[in-house]
Amino acid sequence: MKRFLPLFLAIFISLSATAENYPYRSDVLWVTVPDHADWIYEVGENPEIEVQFYKYGMPVDNVTVDYEIGGDMMPADSKGSVILKNGRAKINTGTMDKPGFRDCRLSATVDGVKYNHHIKVGFSPEKIEPCTQMPDDFDAFWQKNKDELNQVPLQYTILPAPQYSTDKMDCYLVKLAVNKQGQSIYGYLSMPKNAQPGSCPIVLCPPGAGIKTIKEPLRHKYYGENGCLRFEMEIHGLNPEMTDEQFAEISKAFNARENGYLQNGLDNKDNYYMKHVYLACVRAIDFLTSLPEWDGKNVAVQGGSQGGALAITTAALDPRVNLCVANHPALSDMAGYKANRAGGYPHFFNTPGMDTPEKLDTMAYYDVVNFARRLNVPVYMTWGYNDNTCPPTTSYAVYNVITSPKEALITPVNEHWTSDDTERGHLDWILNHLDK
């Protein structure tokens, strides 16, 4: 089942600082309108896109719009220009002979300032298949690692965090040991005030990519205020009470493209950095299910980008999970570039030397599509088409292999962001799918 957010509704609710195509308080506005309302075409069809450009809300006339068109995240295969008449012009994107997306990249110079925009349209995307292959020992590899984790005693500290509590919710800072090597992760646990034993579903929320603090623990306070045990975690063992300056220094030292954590150990599946991260999510569920307030039945995972990837991998690895919510998951069909099409974040193949047999072998053990193939719980996914961080080709590659009950909210205009309404909708979906 799929639901689409209408184009113009998406435009107007996403006028915020995070919306790249429709920037907050900008003097200019691009509007791109495909001749199919859902931005979807069959393979072989030729989309026509109406381009509109406004400054101060008025259409700009007799301005040249240059365009380049190519596959999703691929170099341009056609170029041209059109002249705006009363602020409007039309462009034919050309077609595709196999399922995928084409990206029309636009630029216009108005009053000496260059403005850019883009729009992606899909061709039979429900037929996109991942390039990533399933290793023969995939299940055995992860079972072995989970068995080893089970031998590690559950250890944690939990301290009140009153600065993030409300009149309806209590918040705690948790430090959780995640393996026998002594690594730990931190997170903020929120729960309803005076929560009774056996009353609360669990929602585990792993983070997006980067080495960063948990900046806004109160942003999703409605989980704790509506009856959930929510654990918003980080993955690097860095206390979120560090200053922003300290986090920035650590990120610069250990997260450059050439030595970032997502590349650390990629030559060997047993040594890859993300192994302890995937298992840390399982250990987080060990912690959460040990709390007396847990209702004993419901364990949801929810996240976006890298967090969306970790939501899916955790749901596949841990049989206690019974609900999964993921926005535009990263680490998805990372080998897609080997087939000359978009691959998933972190786009390893943009860095020379990343396509060695050893690295490709390791990627397959950590690629989200292989975990998606193993899902047996209800899944709710959201993604946009204009996303260049986690491109739509890779979200479809994940969604199309899921065989458990699934729903998708597709918001074509979105780049790498979700609206507050979409975020709140994740909780609503979880509450509507709880095992009573």
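In helix α10 of this predicted model, the buried residues are Thr422, Glu423, Gly425, His426, Leu427, Trp429 and Ile430. The helix covers residues 420-432, 13 residues in total. At 1.5 Å a residue it should span 18 Å; the C-alpha atoms at its ends lie 19 Å apart, which agrees.

The largest nonpolar core contains 107 residues. Within this core, the residues that touch the most other members are Trp142, Leu204, Phe231, Met274, Tyr278, Ile312 and Leu331. Helix α5 (residues 273-289) is the main contributor, giving 12 residues. A separate core of 14 residues lies apart from it; Tyr380, Leu409, Leu427 and Trp429 are among its members. Leu427 and Trp429 also belong to the buried set of α10.

Tryptophan 142 has contacts beyond its neighbours within four places in sequence. Its partners are Lys275, Tyr278, Leu279, Leu317, Tyr365, Tyr366 and Phe371.

Leucine 149 is located in helix α2 (residues 138-150). Its relative accessible area is 4%, under the 20% cut-off, so leucine 149 counts as buried. With residues up to four places away left out, leucine 149 touches Val178, Leu279, Val282, Arg283 and Asp286. Lysine 180 is 31 residues from leucine 149 along the chain, yet their C-alpha atoms are separated by 7.9 Å.

Key: Residues are numbered from 1 along each chain as its sequence is written. This is a predicted model: local features need pLDDT of at least 70, side-chain atom pairs count only at pLDDT 80 or more; totals for chains, interfaces and linings use all residues. Side-chain values use heavy atoms; hydrogens and water are left out. Helices (H or I, at least four residues) and strands (E, at least two) are DSSP runs, numbered from the N terminus. The expected span of a helix is 1.5 Å times one less than its number of residues. Buried means under 20% relative accessible area, exposed over 50%, partly exposed in between (1.4 Å probe, protein chains only). A nonpolar core is a set of buried Ala, Val, Leu, Ile, Met, Phe, Trp, Tyr and Cys residues joined through side-chain atoms within 4.5 Å. Contact means heavy atoms within 4.5 Å.
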